[in-house]
Amino acid sequence: QPLLLLLLLLGGMCCRSGTKQGARLVWIVLRGALGGAAWALSLVAVQIGAAPGDVTALTSVSVVAGALLGRAFLDEQLTLQHWIAVLCSLIGSVLVTQPPFPSAATRQPAPQLA
């Protein structure tokens, strides 16, 4: 809680200055704090039993969600390179989590109705 209070105090001081530098500083500090918190929570998730692949996939998908939400709500432009990166990230997330794909070897035969 002291860190959150310090961030709020710093944000209030920078916003009152009314300068672009003050506003940028607030976003930089918030990005650093939230990024550090996300990293720490990822470590905690692995420590309490989550699979590292699943944790990595969730962090990867959050970047994709941010890109798509930015496109949908902020009208940000996504180039072909961006779309390729989004697709690669999604494919990588699926491969890392290793979901059980149905295959001929694992399928159970359909029950016979007599």
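Select Leu 34 to begin: Leu 34 sits in helix H2, residues 20–47 (helices are DSSP runs of H or I with at least four residues, strands are runs of E with at least two, and both are numbered from the N terminus). The model is predicted: local features need pLDDT of at least 70, side-chain atom pairs count only at pLDDT 80 or more, and totals for chains, interfaces and linings use all residues. Residues are numbered from 1 along each chain as its sequence is written, and side-chain values use heavy atoms, with hydrogens and water left out.

Leu 34 is exposed, with a relative accessible area of 59% (exposed means over 50%, buried under 20%, partly exposed in between, with a 1.4 Å probe and protein chains only).

Together with Leu 34 they form a nonpolar surface patch of about 360 Å² accessible area.

Move to Ser 42, also in helix H2. Is Ser 42 buried or exposed? Ser 42 is buried, at 18% relative accessible area. Show the backbone oxygen of Ala 38: a polar atom of the Ser 42 side chain lies 2.9 Å from that oxygen. Then show Val 55 and Thr 59, which Ser 42 touches when residues up to four places away in sequence are not counted (contact means heavy atoms within 4.5 Å).

Finally, select the whole protein. Four helices and zero strands make up the secondary structure, in the order α-α-α-α along the sequence. Of the 114 residues, 13% are buried. Among contacts between residues at least 6 apart in sequence, 38% join residues at least 24 apart.

Terms used
Patches are made of residues with over 30% relative accessible area and no salt bridge: like charges are joined within 9 Å, nonpolar side chains (Val, Leu, Ile, Met, Phe, Trp, Tyr) within 5 Å. Accessible areas come from the Shrake-Rupley method with a 1.4 Å probe; for residues, only the protein chains shown count as cover. A salt bridge is a side-chain nitrogen of Lys or Arg within 4 Å of a carboxyl oxygen of Asp or Glu. A polar contact is a pair of N or O atoms within 3.5 Å; within protein, one must be able to donate a hydrogen and the other to accept it, and residues adjacent in sequence count only if both atoms are side-chain atoms.
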